[in-house]
Amino acid sequence: MSDEQKQQQKGQDKAQHDPYQDDEGIKYVRNLIQPHANFPSEGILFHDIFPALRDPVALEIILNRMAAVVTKRSAVIDYVVGLDARGFLFAPSIASRLHCGFIPIRKKGKLPGKCHTLESTKEYGADILEVQKAGLEPGARVVVVDDLIATGGTLQTSVSLLKAAGAEVVVCVCLVGLPSLGGIAKAGAPVEALIDLEAGC
Ligand SMILES: O=P(O)(O)OC[C@H]1O[C@H](OP(=O)(O)OP(=O)(O)O)[C@H](O)[C@@H]1O
Ligand SMILES: Nc1ncnc2[nH]cnc12
């Protein structure tokens with residue numbers, strides 16, 4: 001068997017155990033997310049999503065579910081917007097599945113050309129976020145993708161940047177939500193998190 005065939009076989013074996021279409025899929029992903037106390041600073045309970053991304057079944061579940069959230073909301077999407085940095089892990093793959101483009105919102109100083117720029121606060125710090133003016137036409141229908149919503153500061157600022165550019169934010173999709181931090185209500189656009197880490201299941 002060639003290396004390519006072995007790789008395909010490995011993927012097929014994994015896919016047979018893929019619990020895609022039901023809540024078992026979300027539980028499978030949730031169980032891979034690792035909590036770390038006092039990271040990156042004292043008092044923060046950090047939820048590490050990378051063990052889930054390391055697992056090919058979990059990665060597929062995440063991408064399928066995120067894309068499904070978007071298609072349930074709207075058939076017409078122009079761009080998937082990913083947030084620097086962990087949103088970039090998902091957004092281009094979702095854009096590819098939805099046959100639309102990808103646009104980054106980046107931390108200040110990384111994007112050339114004229115940008116919309118806004119200050120932002122998050123659970124453990126502050127950032128300045130930017131989106132390129134040239135990348136977005138007024139009236140564009142966009143979805144925003146990030147790994148996690150905590151206080152909602154990052155999503156709120158991102159939604160404001162996109163609105164300043166004249167875009168319509170159809171929905172924000174996150175892998176993880178921490179609802180007790182109040183972020184979902186303040187984002188300024190509908191938010192759907194695949195996993196509520198504070199819920200019992
Ligand atoms: O809801 P909030 O309180 O705003 O927090 C959520 C944000 O915090 C993290 O970004 P961060 O910039 O820390 O990390 P990253 O660069 O690894 O994505 C995370 O990826 C979200 O973007
Ligand atoms: N508690 C948390 N875990 C992982 N990423 C985060 N970003 C903001 N808060 C976070």
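Q: Which residues of α2 meet which residues in α4?
A: In this predicted model, local features need pLDDT of at least 70 and side-chain atom pairs count only at pLDDT 80 or more, while totals for chains, interfaces and linings use all residues. Gly25, Tyr28 and Val29 in α2 meet Val57, Ala58, Ile61 and Ile62 in α4; contact requires C-beta atoms, placed from the backbone, within 7 Å. Residues are numbered from 1 along each chain as its sequence is written, with chains lettered from A and ligands numbered from 1 in the order in which they are written.

Q: Why are α2 and α4 called oblique to each other?
A: The axes of α2 (residues 23-30) and α4 come within 9 Å and cross at roughly 125 degrees. Angles under 35 degrees count as roughly parallel, over 145 as roughly antiparallel, 65 to 115 as roughly perpendicular and the rest as oblique. The pair is therefore oblique.

Q: Which residues does Val144 touch?
A: Not counting residues up to four places away in sequence, Val144 touches Val81, Leu83, Leu155, Ser158, Val159, Val169 and Cys172.

Q: How many of the residues of the chain count as buried?
A: Of the 201 residues, 33% count as buried.

Definitions and conventions
Contact = placed C-beta atoms within 7 Å. Axes fitted to C-alpha atoms, helices over the stretch in contact; angles between N-to-C directions. Helix = DSSP H or I, 4+ residues; strand = E, 2+ residues; numbered from the N terminus. Buried ≥ 20, exposed ≤ 12 C-beta atoms within 10 Å, placed from the backbone.
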